[in-house]
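Okay, hi everyone, thanks for having me.

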Amino acid sequence: MALILRFRKLCFVEPVRFQSFESQQCEKKEKIVASAIKNSSEINKKRTKTKPRELSCIDYCCWTIGYMCTIWWFLFFLYHCLSATLPRFQVPESPGTRLKREGLIAQHPVVLVPGFITGGLELWEGKPCAEGLFRKRLWGGTFSEMFKRPLCWLDHLILHNETGLDPPGVRVRAVPGLAAADYFASGYFVWAVLIENLAKIGYEGKNLFMAAYDWRLSFQNTEIRDQALSRLKSKIELMYVTNGYKKVVVVPHSMGAIYFLHFLKWVELPPLLGGGGGPGWCNKHIKAIMNTGPTFLGSPKMVTSILTTEGKDVASFRAMLAGILDSEILGIQTLEHVLRVSRTWDSTVSLLPKGGETIWGNLDWFPEEEQACVLSKRSSQTLVNDSSTDVKGGLQLKESIKGGRIVSFSKSASQLPSSELPPFDAKEFFGAHTGKNSGSSCEEVWTEYDLINRESIRKFVENKAFTAATVFDLLRFVAPKMMQRAESQFSHGIADNLDDPKYEHYRYWSNPLESRLPDAPDMEIYCLYGVGAPTERSYVLKVSPSDRCKSIPFRIDTSVDGEEGSCLKSGVYSVDGDESVPTLSAGFMCAKGWKGSTRFNPYDIRTYVREYQHKPSTSLLEGRSIESGSHVDILGNYAYVEDILRVAAGATGADIGGDRIHSDILKMSEKIKLQL
């Protein structure tokens with residue numbers, strides 16, 4: 001030990017009088033260690049002085065989105081703080097609070113009927129990929145599963161392609177109760193505003209009910225699979241009895257309006273055919289039906305949804321991201337997957353235009369042809385029904401469009417006189433299109449497009465235009481199995497003789513032009529909808545150049561625009577409506593088809609048209625406007641909410657002012673030559 005200590009002393013203590021060989025070795029080691037330490041410190045200094053790495057495009061995008069979200073939430077918070085202190089920022093008092101102060105209280109029970117895609121769906125049985133999702137929402141809510149496992153998510157929303165019911169091993173059902181459709185997603189209300197205002201005048205679970213149903217199914221299949229119609233009948237009867245024998249106010253929205261029209265016919269028929277309520281059931285149990293944004297005569301928007309999955313917004317988005325969504329290299333086929341699933345939903349066919357050319361026009365005429373085009377969503381003034389008027393902030397008409405052509409393949413086909421269009425004979429194509437795509441190697445057929453020869457498709461649509469009548473030939477050509485299944489559930493014509501026994505079949509019940517209103521002379525029917533917003537009416541499509549496997553052969557031609565002041569923008573003709581449903585579809589039945597005693601309304605049920613002028617938000621901070629007339633936002637429109645509350649509290653249509661019309665619905669109705 002002593003030797004070791006001496007050695008350490010020799011190595012680490014500088015000698016005073018002499019240096020040995022060992023000390024020289026120690027000095028060398030010290031120099032090596034010192035130089036290593038010096039080098040490491042220099043390296044660290046260089047590292048600290050090195051410039052930070054450059055951010056990639058993805059980094060910049062993430063930071064930009066983060067900054068935008070932070071600023072938006074800060075301004076949103078500031079806006080709500082200012083609303084309590086500055087009069088300019090104060091939010092108007094809600095109808096429920098004001099009417100409660102006036103003495104209105106809950107009287108009649110209220111039943112809400114949601115529409116297409118707005119109701120939540122939850123999983124009860126699924127495939128192995130859906131492990132852990134029992135009774136979790138697959139539709140509505142956060143949509144988190146869509147991002148985690150998109151293909152598995154789609155495989156549970158799809159229905160059987162032949163029966164229109166559940167595929168083997170999968171059970172997806174409607175979410176029950178008010179939570180089914182109060183919010184569609186976090187922060188995006190559907191019925192929440194109306195429910196809150198109803199609660200302020202005394203409504204709660206005992207006198208307020210959400211008639212949730214699986215909106216994917218045909219209306220009759222909701223009864224066959226889930227007994228949804230029977231449960232709705234029982235609930236109305238229970239609410240009628242437990243609330244002092246007061247009649248129910250029913251508030252259907254969008255597709256819910258024709259779903260409830262189906263119910264009105266079903267409930268009167270004998271048990272084997274219907275609900276067994278008898279002829280007087282509706283008159284006894286229902287005070288009023290307040291149809292909101294109703295799709296009584298369908299929507300042209302659904303035609304392109306079935307053909308291409310596109311509407312105006314989707315087509316614009318696709319045009320901006322064409323390099324991604326349509327990339328052959330990336331192989332992203334989002335729209336194809338959506339089409340694969342949605343073509344199994346029979347409910348989409350219920351929303352196709354009804355009434356053919358009599359209602360929607362032909363190749364050379366349509367009811368809205370003298371209507372002013374809505375060029376801007378800033379329609380702060382009431383519409384002026386003068387085709388030559390230039391209204392500051394909103395309207396102008398210089399052009400007569402041929403909107404009766406629901407679908408046109410090329411701009412010229414949408415504008416040429418009918419005599420100059422190539423002849424069209426559907427018979428020569430049917431039966432000749434079953435040859436599979438040349439060179440196709442699709443192992444699995446996603447849509448029926450994969451069974452059709454692409455050359456046959458091009459010949460079928462080349463420079464042709466399709467009206468509300470002939471567009472069904474187009475749909476039957478490109479989707480024969482889907483249309484065969486769905487048309488056994490729905491009809492889209494006009495009845496010649498409503499006494500014909502065939503109209504007792506359920507496929508006619510949701511079409512107001514092929515069914516009668518019930519024996520309920522004391523009941524009232526309202527058509528409540530927004531006007532003043534550009535709404536899709538007809539489309540210019542083109543054949544997609546892509547022949548890749550499982551691709552969609554059609555798309556909206558966003559390069560097509562009309563002249564300045566035209567209704568044609570990015571391949572879409574627009575007319576007046578609520579952004580989703582044209583005014584013609586929402587208002588015609590209440591304005592003319594059911595007005596007074598007609599063959600569709602033999603018991604003279606009183607009908608009212610209540611229109612709400614669309615006034616969008618003036619700023620991002622305002623959120624969804626309390627004066628909006630758009631298809632979903634109208635459920636938060638304060639004037640609309642007040643009308644619902646007053647009728648639910650006992651008022652009649654005459655008490656709230658009768659008809660309130662801003663659009664050209666009466667002029668349009670006069671042009672439609674329909675036997676009444």
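This is a predicted model: local features need pLDDT of at least 70, side-chain atom pairs count only at pLDDT 80 or more; totals for chains, interfaces and linings use all residues.

Now, what do the side chains of K200 and E196 do? They meet in a salt bridge, at 3.9 Å from N to O. If that idea is new to you, side chains of opposite charge can pair when their charged atoms come close. As for how open this pair is, K200 is partly exposed at 29% relative accessible area, and E196 is partly exposed too, at 48%.

Next, slide along to helix α19. Here we have E455 and R458, three residues apart, which is about one turn of the helix. Their side chains also meet in a salt bridge, with 3.9 Å between N and O. E455 comes out partly exposed, with a relative accessible area of 41%, and R458 is partly exposed at 27%.

One more pair, then. E93 forms a salt bridge with R101, and their closest N and O atoms are 2.6 Å apart. Is R101 buried or exposed? R101 counts as exposed, because its relative accessibility is 57% and the cut-off for exposed is over 50%. E93, on the other hand, is partly exposed at 37%. And how many salt bridges does a search of the whole structure find? The total is 30.

Okay, let's go inside. Look at the loop between α18 (411-415) and α19 (454-461), and you'll find T447 there. T447 is buried, since its relative accessible area is 9% and buried means under 20%. So who does T447 touch, leaving out residues up to four places away in sequence? The answer is E336, L339, R340 and R343.

Last stop is helix α6, residues 150-157. The buried residues in α6 are C152, W153, L154, H156 and L157. What do those buried residues pack against? There are strands in the list, namely β2 (121-125), β3 (137-139) and β4 (171-174), along with the helices α5 (144-148) and α15 (334-342).

That's my tour, and I'm happy to go back to any of these spots on the screen.

Definitions and conventions. Residues are numbered from 1 along each chain as its sequence is written. Side-chain values use heavy atoms; hydrogens and water are left out. Buried means under 20% relative accessible area, exposed over 50%, partly exposed in between (1.4 Å probe, protein chains only). Helices (H or I, at least four residues) and strands (E, at least two) are DSSP runs, numbered from the N terminus. Contact means heavy atoms within 4.5 Å. A salt bridge is a side-chain nitrogen of Lys or Arg within 4 Å of a carboxyl oxygen of Asp or Glu.
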